[in-house]
Amino acid sequence: MSSSSAQNAETPVAKGSWRDLLSGRHRRVAAVLAGGVGLYATNVFLTTSLLPAAVQDIGGARYYAWVTTVFLVASVISSALVSTALPRLGARNTYFVALGAFALGTVICAVAPVMEVLLTGRFVQGLGGGLLCGLGYALIRSLLPEHLWSLGAALVSGMWGVGTFVGPAVGGVFAQYGMWRGAMVTLLVVTALVAILVPLTVPSTRAGDLPPVPSPLTVGLLVVSALLVSIANIVDSTVLLGVLLVVALLSLGLAFAYDKRRGGRILPRSAFSWSSPLPWCYGAVALLALASQIEAFIPLFGQRLAGLAPLLAGFVGAAIALGWTLGEVPSAGIAGLGAKSRVASAGPLLITVGFVTAGLLVGAAMGTGVTVAWTVALLVGGAGIGIAWPHVAARIMGGVASDDEGDTAAAAINTVQLVSNAIGSAVAGVLVHLGGPAPEGQARAALCGIGLAGVAGAWCVWRGTAAWRRKAAVQQA
């Protein structure tokens with residue numbers, strides 16, 4: 001850890017507030033950072049709700065699952081290149097490239113006459129979206145003062161909760177009236193609004209020393225991992241699903257091992273030292289992101305077990321994202337190293353409490369009271385993610401061994417999150433299959449199984465905090 005970071009680990013910094021972040025000179029910065037990630041998150045859920053209408057219009061049902069796959073793969077590629085693009089293009093130009101790619105992909109999707117063209121648009125969208133998400137984290141460190149890092153991370157990650165509600169709502173309205181292409185036009189308008197703010201907020205400076213470009217082999221292994229996980233999500237065999245997931249994890253491990261050998265291009269060098277807080281904090285990010293992916297199955301469980309209408313089941317499925325947002329808003333404003341560490345460690349345990357409770361509440365025919373309690377338990381689990389997330393993200397930004405690793409460390413939060421989201425959806429799928437043929441068994445196995453990620457996440461946060469304190473003590477000695 002640099003001497004400044006070590007001091008910051010033990011020396012109190014000014015207490016941040018939401019008012020400070022969302023007013024005055026920081027307001028536009030917050031709007032740009034949140035706007036970029038919000039575009040990505042909204043697009044994910046909007047496209048899911050639009051896809052049936054699009055397939056009915058242009059055909060290509062056999063490519064249904066690949067609409068998400070190509071977007072995910074492209075996002076992983078571009079998110080891995082954020083720390084390389086920033087010093088070469090400058091922050092402002094990198095934002096323009098990201099927004100331009102996202103807009104171009106959206107236009108291609110809007111005018112697509114056949115599914116093959118739509119898939120091309122989704123790939124280009126993903127390239128822009130991955131950059132936007134990575135920039136949302138990478139620039140928190142340079143555009144905001146340290147006492148606002150936790151709040152900035154909370155705002156950026158909270159956009160996923162916003163997207164969970166806004167995406168299906170907007171997409172559903174356009175799809176209902178047979179105007180799915182109009183939803184893409186709406187995305188373009190929002191993209192233009194964010195682009196207007198960029199030159200007013202983001203500096204155009206470039207770094208003096210350019211870091212090496214990540215190895216094509218490393219990026220290729222990450223892509224292979226994402227592809228295998230995506231394929232695993234659409235196979236029917238539990239055995240094949242498990243095999244694909246194991247191979248995907250091996251590919252991911254090889255990618256990071258090779259990255260370490262080359263000195264750290266996607267993850268910062270500090271992430272490969274067990275004495276550093278970074279590997280533990282990245283592990284916590286991965287587990288928190290993995291746990292959140294159970295939300296994809298909640299609407300299905302709600303319909304089958306509680307007899308909920310599709311619309312209501314969709315809102316119940318958003319309980320985890322809502323809990324995430326509600327948890328991180330008050331948590332991000334907490335000051336003091338000790339308080340932050342306790343809150344960050346307790347958050348993942350709430351994931352276990354919430355999801356395991358939800359799993360134990362599952363029954364073959366859930367009445368209104370049980371369904372309400374089930375939804376509250378899901379909300380608690382989501383709140384556990386939100387409570388821990390901003391503090392873990394801020395610890396990564398401040399825990400680097402030297403300042404030249406800062407952008408890489410911050411941008412890697414998004415890369416780890418995207419890859420973990422993909423793996424989490426496959427893990428949830430495995431657990432559902434292991435639950436047997438009955439819906440209640442599937443729900444119980446998936447919720448209780450994914451809930452154990454919270455215990456592992458709490459352990460990672462605890463280890464990261466201990467490493468942070470040891471490093472600070474060594475620097476101050």
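Tutor: In this predicted model, a salt bridge joins the side chains of Arg181 and Asp57, with 3.4 Å from N to O. The term denotes a side-chain nitrogen of Lys or Arg within 4 Å of a carboxyl oxygen of Asp or Glu. Side chains of opposite charge can pair when their charged atoms come close. Arg181 belongs to helix α10 (residues 180-201) and Asp57 to helix α3 (residues 27-58), so this pair ties together parts that are 124 residues apart in sequence. Helices here are DSSP runs of H or I with at least four residues, strands are runs of E with at least two, and both are numbered from the N terminus.

Next comes the exposure of the two partners. Arg181 counts as partly exposed because its relative accessibility is 26%, and Asp57 is also partly exposed, at 46%. Buried means under 20% relative accessible area, exposed means over 50%, and partly exposed lies in between, with a 1.4 Å probe and protein chains only.

The search of the whole structure finds two salt bridges. In the other, the side chains of Glu116 and Arg62 meet at 4.0 Å, N to O. This pair links distant parts of the chain, 54 residues apart: Glu116 is in helix α7 (residues 115-138), and Arg62 is in the loop between α3 and α4 (66-79). Glu116 is partly exposed, with 39% relative accessibility, whereas Arg62 is exposed, at 64%.

The wider setting may now be described. The chain has 20 helices and zero strands. Buried residues make up 57% of its 477 residues. Helix α13 (residues 278-292) illustrates this interior: 13 of its 15 residues are buried, so the rest of the structure largely encloses it. The end C-alpha atoms of α13 are 21 Å apart, which agrees with the 21 Å that its 15 residues should span at 1.5 Å a residue; the expected span is 1.5 Å times one less than the number of residues.

Contacts, meaning heavy atoms within 4.5 Å, also reach across the sequence. Among those between residues at least 6 apart in sequence, 83% join residues at least 24 apart. For example, Ala394 lies in helix α18 (residues 368-398) and, leaving aside residues up to four places away in sequence, touches Trp149 and Ser150. Ala394 counts as buried, at 13% relative accessibility.

Finally, consider confidence. The average pLDDT, the predictor's confidence in each residue from 0 to 100, is 86 for the chain, and 94% of the residues score at least 70. Helix α1 (residues 3-10) has the lowest mean, 41, and helix α6 (residues 91-111) the highest, 95. Over residues 1-13 the pLDDT is below 50, although this stretch has 31 contacts in the model beyond near neighbours in sequence.

As to conventions, residues are numbered from 1 along each chain as its sequence is written, and side-chain values use heavy atoms, leaving out hydrogens and water. Local features need pLDDT of at least 70 and side-chain atom pairs count only at pLDDT 80 or more, while totals for chains, interfaces and linings use all residues.
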